[in-house]
Amino acid sequence: MNEQIVGQILGELKGIRESQQVMQNEIKDIKDSQQAMQSEIKSMQIEIKSMQTEIKGIKDSQQSMQTEIKSMQADIMGIKDSQQSTQTEIKSMKSEIKDIKESQHLTQTQLNETNEIVRAIRHRQEETNTKLDALSMDVYRLHGEVLSLKDGQERQERILEKLSLRSIEQEAEIRDLKRIK
């Protein structure tokens, strides 16, 4: 019966170890995913910096163009065709700036979504760590119980050994008494 209990405990320990291995694999997968996301975030940050540099260049370019446009407007105030051409160029630049701002807004939105995903992963990782800690505590407790059961079983085996020796001695004495009679 003790062997059955020990067998059951060992079976449960094996199941716990397998569950723990599965959880460790899941944690590894989450870490790998997190590292991949961090790489993607770094890549996005580089792209954002590049875009910011381009936007700054465009702004600088725009500022210099605006200065030139003002100069041109002062020079050719009387010429309507030139003025219309300049206004068309200004509208085109504003449209491009608007497109760039929309692109920047989209990139910022995507970065925010990525940050939310990373936060969710961190939260799940914390939950997983908590569950893993609880499982570890259960394993340590079960290990202590198994050791206690082993000690009890060893004591019982020693008692059985003494009883069997005593039984053998008594049987020998009974045989001796029967011979004497």
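User: Which residues are linked in a network of salt bridges?

Analyst: Before the answer, a word on the source: this is a predicted model, in which local features need pLDDT of at least 70 and side-chain atom pairs count only at pLDDT 80 or more, while totals for chains, interfaces and linings use all residues. Residues are numbered from 1 along each chain as its sequence is written, and side-chain values use heavy atoms, with hydrogens and water left out. As for the general idea, a salt bridge is a side-chain nitrogen of Lys or Arg within 4 Å of a carboxyl oxygen of Asp or Glu. In this model, the network of salt bridges links D138, R141 and E145.

User: How far apart are the closest N and O atoms of E145 and R141, and where do these two residues sit relative to each other in helix 2?

Analyst: Helices are DSSP runs (H or I, at least four residues), numbered from the N terminus. The salt bridge between E145 and R141 has its closest N and O atoms 2.9 Å apart, and the two residues are separated by about one helical turn because they lie 4 residues apart in helix 2.

User: Are E145 and R141 buried or partly exposed?

Analyst: The scale is relative accessible area: buried means under 20%, exposed over 50%, and partly exposed in between (1.4 Å probe, protein chains only). On that scale E145 is partly exposed at 36%, and R141 is likewise partly exposed, with a value of 45%.

User: How many salt bridges does a search of the whole structure find?

Analyst: The search of the whole structure finds 5 salt bridges. One of them joins the side chains of R119 and E116, at 2.7 Å from N to O; these residues are 3 residues apart in helix 2, so that about one helical turn separates them. R119 has a relative accessible area of 47% and is therefore partly exposed, and E116, at 48%, is also partly exposed.

User: Which residue forms a salt bridge with K28?

Analyst: The partner of K28 is D32, and the closest N and O atoms of this pair are 3.8 Å apart. K28 and D32 lie 4 residues apart in helix 1 (residues 2–75), which means that about one helical turn separates them. K28 counts as exposed at 52% relative accessibility, whereas D32 counts as partly exposed at 37%.

User: Which residues form the negative surface patch?

Analyst: Patches are made of residues with over 30% relative accessible area and no salt bridge, where like charges are joined within 9 Å and nonpolar side chains (Val, Leu, Ile, Met, Phe, Trp, Tyr) within 5 Å. Here the negative patch consists of E3, D151, E154, E157 and E161. Helix 2 (residues 80–180) gives the most to this patch, with 4 residues. E161 has its place in helix 2 and is exposed, with a relative accessible area of 53%.

User: Which residues gather in the patch of positive charge?

Analyst: That surface patch brings together R155, R158, K162 and R166. Among them, K162 is found in helix 2 and counts as exposed at 60% relative accessibility.

User: Which residues make the nonpolar surface patch?

Analyst: I159, L160 and L163 make a nonpolar surface patch of about 300 Å². L163 belongs to helix 2 and is partly exposed, at 45% relative accessibility. For a sense of distance, K59 and L160 are 101 residues apart in sequence and 94 Å apart in space, taken from C-alpha to C-alpha; K59 lies in helix 1.

User: Are T128 and T114 buried or exposed, and which residues do they touch?

Analyst: Contact means heavy atoms within 4.5 Å. T128, in helix 2, is buried, with a relative accessible area of 15%, and, leaving aside its neighbours within four places in sequence, T128 is in contact with M23, I27 and I30. T114, whose place is also in helix 2, counts as buried at 15% relative accessibility; not counting residues up to four places away in sequence, T114 touches I41 and M44.

Conventions: Areas by Shrake-Rupley, 256 points an atom, 1.4 Å probe, with all protein chains shown as cover. Lys, Arg positive; Asp, Glu negative; His and termini not counted. Charge placed at Lys NZ, Arg CZ, Asp CG, Glu CD.
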